[in-house]
Amino acid sequence: MTAAVSIDPPRSKPRLTPKAALEAAAKFWWGAAFIGQLLFLYYILAFYFPSTLTGNFKLWALNTSLFKGYVPGDTPGNLAFGAHVLLAGVVTFAGTLQLVPQIRARAPAVHRWIGRAFLVTAIGGSLAGLYMTWARLPQGLLGEIAISIDAAMIFVFGGLAWRTALTRDFASHRRWALRAFLAANAVWFMRVGFAPVGILFKVIHAPHGWMSTFYQVWSFGSYLLPLAILELYFRAKERGGDGARYAMAGGLSILTLLMSVGIVGTWFGFFAPILDKL
Ligand code: HEM
């Protein structure tokens with residue numbers, strides 16, 4: 001009797017394919033953005049909702065980095081600010097929920113309603129923001145132009161996301177919805193971008209003026225950079241070669257790491273100290 005000899009088929013080494021690498025990088029970004037959005041939402045709900053809904057507008061002054069929060073006698077301006085921060089809470093809540101793929105897949109009707117809520121509140125909040133920007137703030141012309149272009153992008157991208165959903169062109173809808181999400185989150189990227197740069201400037205003992213130059217550049221960069229990266233991601237995903245996909249996956253992962261530093265820095269350096277004062 002001869003012993004049975006088992007011959008295992010040669011095992012191929014598990015390899016991270018370019019497609020899998022890109023998917024992993026996108027998931028990494030998604031996870032970090034989700035946590036960052038939740039922290040921003042928590043800050044808005046804990047700080048602005050109680051003070052605004054009870055009419056205790058003076059509490060806004062606890063945020064000392066505001067150009068203009070509560071201004072005695074400026075009723076339209078105070079109401080615009082109050083409306084803006086309440087709508088900001090809904091925009092951020094709705095935007096965070098839209099990041100959950102299970103809702104889109106399992107409850108499309110809920111996804112549609114959240115999408116409508118996101119769009120209506122993003123447009124309403126931007127209109128209040130435009131009023132504050134042009135009627136109220138001493139923010140500097142460049143900053144005012146930058147945030148107004150962002151508002152225009154929210155209107156255009158949001159409108160196109162809505163239209164493509166109505167015509168059931170879901171591939172285009174996804175693209176426009178993501179662009180609208182990034183444009184509406186410029187204010188979040190603005191804050192998140194400041195933390196790593198602030199740390200860097202401290203480490204290298206950068207002159208004071210560098211921060212205000214960075215502020216002006218980042219007023220535009222806070223939406224142009226994420227939107228440009230999104231376009232590169234679309235290209236790499238749809239028609240990129242292996243090299244382009246690996247490069248995109250690597251680049252996106254590095255940027256997500258930086259964004260994560262920004263999320264942690266914004267929490268400990270900005271949101272948490274304000275909440276501690278309550
Ligand atoms: C749609 C998404 C937006 C969200 C979620 C949002 C969120 C916020 C929040 C939370 C604040 C309070 C400041 C803070 O605590 O850090 C704020 C302030 C402000 N936002 Fe927005 N915002 C959005 C869009 C816009 C747009 C498009 C504009 C202008 C066109 C704008 C103009 C302003 C202005 C002028 C202030 C007062 C800043 C100050 O006095 O320092 N926002 N926003």
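A: We begin with the pocket. The largest pocket is lined by 50 residues, and those nearest its centre are Trp29, Leu99, Arg174, Leu178 and Phe181. On a 1 Å grid over the protein atoms alone, a pocket is an open set of points with protein on both sides within 12 Å along at least five of seven lines, a cavity is a set where a 1.4 Å probe fits but cannot get out, and lining residues have an atom within 4 Å of a point. This is a predicted model, in which local features need pLDDT of at least 70 and side-chain atom pairs count only at pLDDT 80 or more, while totals for chains, interfaces and linings use all residues. Residues are numbered from 1 along each chain as its sequence is written, and side-chain values use heavy atoms, with hydrogens and water left out.

Q: What volume does the largest pocket have, and how do the residues of its lining divide by class?

A: A volume is the space filled by probe spheres set on the grid points, which are joined across faces, edges and corners. For the largest pocket the volume is about 1,800 Å³. As to class, Ala, Val, Leu, Ile, Met, Phe, Trp, Tyr, Cys and Pro count as nonpolar, Asp, Glu, Lys and Arg as charged, and the others, Gly among them, as polar. The lining of this pocket comprises 34 nonpolar, 8 polar and 8 charged residues.

Q: Which secondary structure elements does the protein have?

A: Helices (H or I, at least four residues) and strands (E, at least two) are DSSP runs, numbered from the N terminus. Here there are 9 helices and 0 strands. The C-alpha atoms fill a box of roughly 100 × 50 × 35 Å along the principal axes.

Q: Which residues line the largest cavity?

A: The structure holds 1 cavity of 30 Å³ or more, and about 40 Å³ of space lies in the largest cavity. Its lining consists of Gly36, Leu39, Trp188, Val192, Ile263, Thr266, Trp267 and Phe271. Helix 1 (18-53), helix 7 (186-203) and helix 9 (242-276) each give two or more residues to this lining, and helix 9 gives the most, with 4 residues. By class the lining has 6 nonpolar, 2 polar and no charged residues.

Q: How is the packing of helix 5 and helix 8 to be read?

A: Two packed helices are described by the angle between their axes and the distance between the axes. Axes are lines fitted to C-alpha atoms, for helices over the stretch in contact, and angles run from 0 to 180 degrees between N-to-C directions. Helix 5 (residues 141-166) and helix 8 (residues 209-239) have axes that come within 7 Å and cross at roughly 20 degrees. The two helices are therefore roughly parallel (under 35 degrees; over 145 is roughly antiparallel, 65 to 115 roughly perpendicular and the rest oblique). Contact, meaning heavy atoms within 4.5 Å, involves Leu142, Gly143, Ala146, Ile149, Asp150, Met153 and Phe157 of helix 5 and Gln216, Ser219, Phe220, Tyr223, Leu224 and Leu227 of helix 8. This contact has 9 nonpolar, 3 polar and 1 charged residues.

Q: At what angle does helix 7 pack against helix 8?

A: The angle is about 135 degrees, with the axes of helix 7 and helix 8 9 Å apart. That makes helix 7 oblique to helix 8. Among the residues that meet are Phe189, Phe194 and Phe201 in helix 7 and Trp210, Phe214 and Trp218 in helix 8. The contact has 13 nonpolar, 4 polar and no charged residues.

Q: Which residues of helix 6 meet helix 8?

A: Helix 6 (residues 170-184) packs at about 155 degrees to helix 8, with their axes 9 Å apart. Helix 6 is therefore roughly antiparallel to helix 8. Arg174, Arg175, Leu178, Arg179 and Leu182 in helix 6 meet residues of helix 8 including Glu231, Lys237 and Glu238.
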